[in-house]
Amino acid sequence: MVRFSTEELDAVRSRAALAGLAVGAWLGQTAMDAAAGRDGASAGLPDLLRLHSDVVRTQQSAAASGVEMARVEGLLVRLDAVIDAVTAEFERGRR
């Protein structure tokens, strides 16, 4: 059984919506593609989503402790761009 944090679940829901799929369908499609060896981007996507969740948690901790937010937010923006690029590549591979 997979348990997502709130942040991870939000990210998964967002990616599923971008793909036009329900969360379960998106996860299933991602798993089937990885099992079939199609589109290596889909296999790395769960790792990117976990990393995104870690960065969000770091951002929240930094905000609570007064750490320089611009740097953390810059990392989050870059990470979002990478996730978007991987998702787009995944979508091209499905067509």
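Buried means under 20% relative accessible area, exposed over 50%, and partly exposed in between, with a 1.4 Å probe and protein chains only. By this criterion arginine 15, at 8% relative accessibility, counts as buried.

The model is predicted: local features need pLDDT of at least 70, side-chain atom pairs count only at pLDDT 80 or more, and totals for chains, interfaces and linings use all residues. Residues are numbered from 1 along each chain as its sequence is written, and side-chain values use heavy atoms, with hydrogens and water left out.

**Chain**

The protein chain has four helices and zero strands, in the order α-α-α-α along the sequence. Helices (H or I, at least four residues) and strands (E, at least two) are DSSP runs, numbered from the N terminus. Of the 95 residues in the protein chain, 31% are buried. The protein chain exposes about 5,900 Å², and carbon and sulfur atoms supply 57% of that area; accessible areas come from the Shrake-Rupley method with a 1.4 Å probe, and for residues only the protein chains shown count as cover. Taking contact as heavy atoms within 4.5 Å, 58% of the contacts between residues at least 6 apart in sequence join residues at least 24 apart.

**Helix H1**

H1 has 14 residues and reaches 20 Å from its first C-alpha to its last, close to the 20 Å expected at 1.5 Å a residue. The expected span is 1.5 Å times one less than the number of residues. Buried residues in H1 are Glu7, Glu8, Ala11, Val12, Arg15, Ala16 and Ala19. Just after H1, glycine 20 takes a positive phi of about 75°.

| Residue in H1 | Relative accessible area |

Beyond its neighbours within four places in sequence, arginine 15 is in contact with Trp26, Leu49, Ile83, Asp84 and Thr87. Alanine 19 lies 9.3 Å from phenylalanine 90, C-alpha to C-alpha, although 71 residues separate them in sequence.

**H1 against H2**

Helix H1 (residues 6–19) and helix H2 (residues 23–35) pack at an angle of about 85°, with their axes 9 Å apart. H1 is therefore roughly perpendicular to H2, a term that covers angles of 65 to 115 degrees. Axes are lines fitted to C-alpha atoms, for helices over the stretch in contact, and angles run from 0 to 180 degrees between N-to-C directions. From H1, Val12, Arg13, Arg15, Ala16 and Ala19 meet Val23, Trp26 and Leu27 in H2. The residues of this contact divide into six nonpolar, no polar and two charged, where Ala, Val, Leu, Ile, Met, Phe, Trp, Tyr, Cys and Pro count as nonpolar, Asp, Glu, Lys and Arg as charged, and the others, Gly among them, as polar.

Conventions
Parallel < 35°, antiparallel > 145°, perpendicular 65-115°, else oblique.
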